[in-house]
Amino acid sequence: MSKRKTERLLGLVVCLLSTRRYLTADQIRQAVPGYPEQDELFKRMFERDKEDLRDLGVPLETGLNHPFDDDLGYRIRQQAYELPELRLEADEAAVLGLAARVWQRAELAGAAAGALLKLRAAGMEAGDELPAPQDIEPRLGTPEPAFGPLWEAVRDRRPVTFSHRAAGRSEPQRRELEPWGVVNRHGRWYVAGWDRGRDAIRVFRLSRIAGTVKFGGPAGSVTVPDGADVRELVRDWDSVPAREHTAVLRVRSGAGVGLRRHAVSVRADETGPPGWDLVTTRFADVGSFADYAAWFGPDAVVLDPPDLREAVIARLKGALA
């Protein structure tokens with residue numbers, strides 16, 4: 001659901017909750033921002049909004065203020081809209097408060113803060129019995145730009161398309177996925193689902209997604225199979241030992257301590273410019289090691305393999321741009 005539509009539906013709910021009388025469609029169009037002036041466009045949009053509210057469980061009523069009125073009106077009775085009294089045990093409220101802290105700086109920060117605010121508005125102190133933030137402050141970060149749209153796609157059951165750079169490859173490949181879930185394992189984010197192009201279940205690491213994630217279909221067009229366990233799929237995929245590759249780098253003397261520490265061999269570069277060493281090391285993933293090697297900047301130059309060299313050059317050019 002787009003931000004514009006969400007704001008319009010929220011305005012519609014607030015408008016209909018604020019009145020005891022039935023409001024006609026014309027009165028609603030004047031009171032709620034976001035509706036078009038054209039009659040036909042407004043009618044179609046308003047009909048869809050009414051259906052959406054009813055699908056969300058909002059008790060939308062229709063009726064007449066007077067028997068002689070010609071146009072039906074709409075309202076939402078507060079007694080029908082309000083939730084029943086919510087009761088949580090102290091430990092349950094504490095867990096919700098802790099979850100909100102975990103997501104405080106992640107993509108779900110807004111939703112977490114809103115849920116916590118609703119609990120406190122209902123008279124529940126969610127998390128006040130926990131240790132102070134300076135004593136324990138868990139964080140769950142989502143630095144990958146792909147997380148937001150993928151999370152929305154999973155929530156709305158929408159297919160997506162994106163470019164993914166597989167392990168051992170320097171060029172990304174286009175993927176069309178029906179996402180079933182997004183999970184975190186060992187500090188890395190993954191999305192799992194049905195790959196339409198390969199006609200099989202696939203798992204993708206979000207850090208290897210290049211460019212933007214685009215929606216490939218309407219909401220509700222993805223069906224998650226019964227019993228599908230995304231966490232189990234990711235764990236099985238991540239348990240497969242990665243194939244190791246060998247890289248040769250020219251590293252400036254006195255620099256590149258991290259590269260030297262895990263090197264297979266380090267020797268003076270007798271064919272290149274003075275003041276450099278040849279460092280041979282092993283790596284499993286082109287993308288991850290390219291990020292690491294690029295961090296050393298002008299103190300490290302990848303000589304082999306070619307796909308790793310190209311990946312590092314691409315990252316340095318991106319940083320320069």
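Predicted model: local features only at pLDDT ≥ 70, side-chain atom pairs only at ≥ 80, totals over all residues.
How many residues does H1 have, and how far does H1 reach from its first C-alpha to its last? Helix H1 has 15 residues and spans 21 Å between those two atoms, close to the 21 Å expected at 1.5 Å a residue.

**Figure 1. The whole chain, for orientation.** Welcome to a protein chain with 11 helices and 11 strands. Of its 321 residues, 37% count as buried. The accessible surface comes to about 19800 Å², and carbon and sulfur atoms hold 52% of that area. Among contacts in the chain with a separation of 6 or more, 59% are between residues 24 or more positions apart.

Figure 2. The buried residues of H1 are Arg8, Leu9, Leu12, Val13, Cys15, Leu16 and Leu17. Let us follow one of them, Leu12. Beyond its neighbours within four places in sequence, Leu12 is in contact with Ile28, Val32, Tyr35, Phe46, Asp49 and Leu53.

**Figure 3. The largest nonpolar core.** This core has 18 residues, and those with the most contacts inside it are Leu12, Leu16, Ile28, Tyr35, Phe46 and Ile76. At least two core residues come from each of helix H1 (3–17), helix H3 (39–55) and strand E2 (73–76). H1 supplies the largest share, six residues. A second, separate core has 17 residues, including Val279, Ala294, Ala300 and Ala311. As a general reminder, nonpolar side chains tend to be buried together in soluble globular proteins.

**Figure 4. The five-stranded open sheet.** Here you can trace the strand order E6-E5-E4-E3-E7, with antiparallel pairing. At the edges sit strand E6 (200–205) and strand E7 (209–215), each of which pairs on one side only. From one strand to the next, the twist averages 40°.

**Figure 5. Where strands E3 and E4 meet.** Strand E3 (residues 160–164) and strand E4 (residues 173–185) run antiparallel and are joined by five bridges. To find your place in this view, look for Thr161, whose bridge partner in E4 is Glu176.

**Figure 6. Two helices against the sheet.** Helix H7 (residues 147–156) lies across E3, E4, strand E5 (188–195) and E7, and runs at about 85° to E4. Helix H8 (residues 230–238) also packs on the sheet, where it touches E4, E5 and E6. The direction of H8 makes about 105° with that of E4.

Note on methods: Residues numbered from 1 in each chain as written. Heavy atoms only, no water. Core = buried A, V, L, I, M, F, W, Y, C linked by side-chain atoms within 4.5 Å. Buried < 20%, exposed > 50% of the residue type's maximum accessible area, 1.4 Å probe, protein only. Helix = DSSP H or I, 4+ residues; strand = E, 2+ residues; numbered from the N terminus. Contact = heavy atoms within 4.5 Å. Pairing = 2+ DSSP bridges. Axes fitted to C-alpha atoms, helices over the stretch in contact; angles between N-to-C directions. Expected span 1.5 Å × (residues − 1). Areas by Shrake-Rupley, 256 points an atom, 1.4 Å probe, with all protein chains shown as cover.
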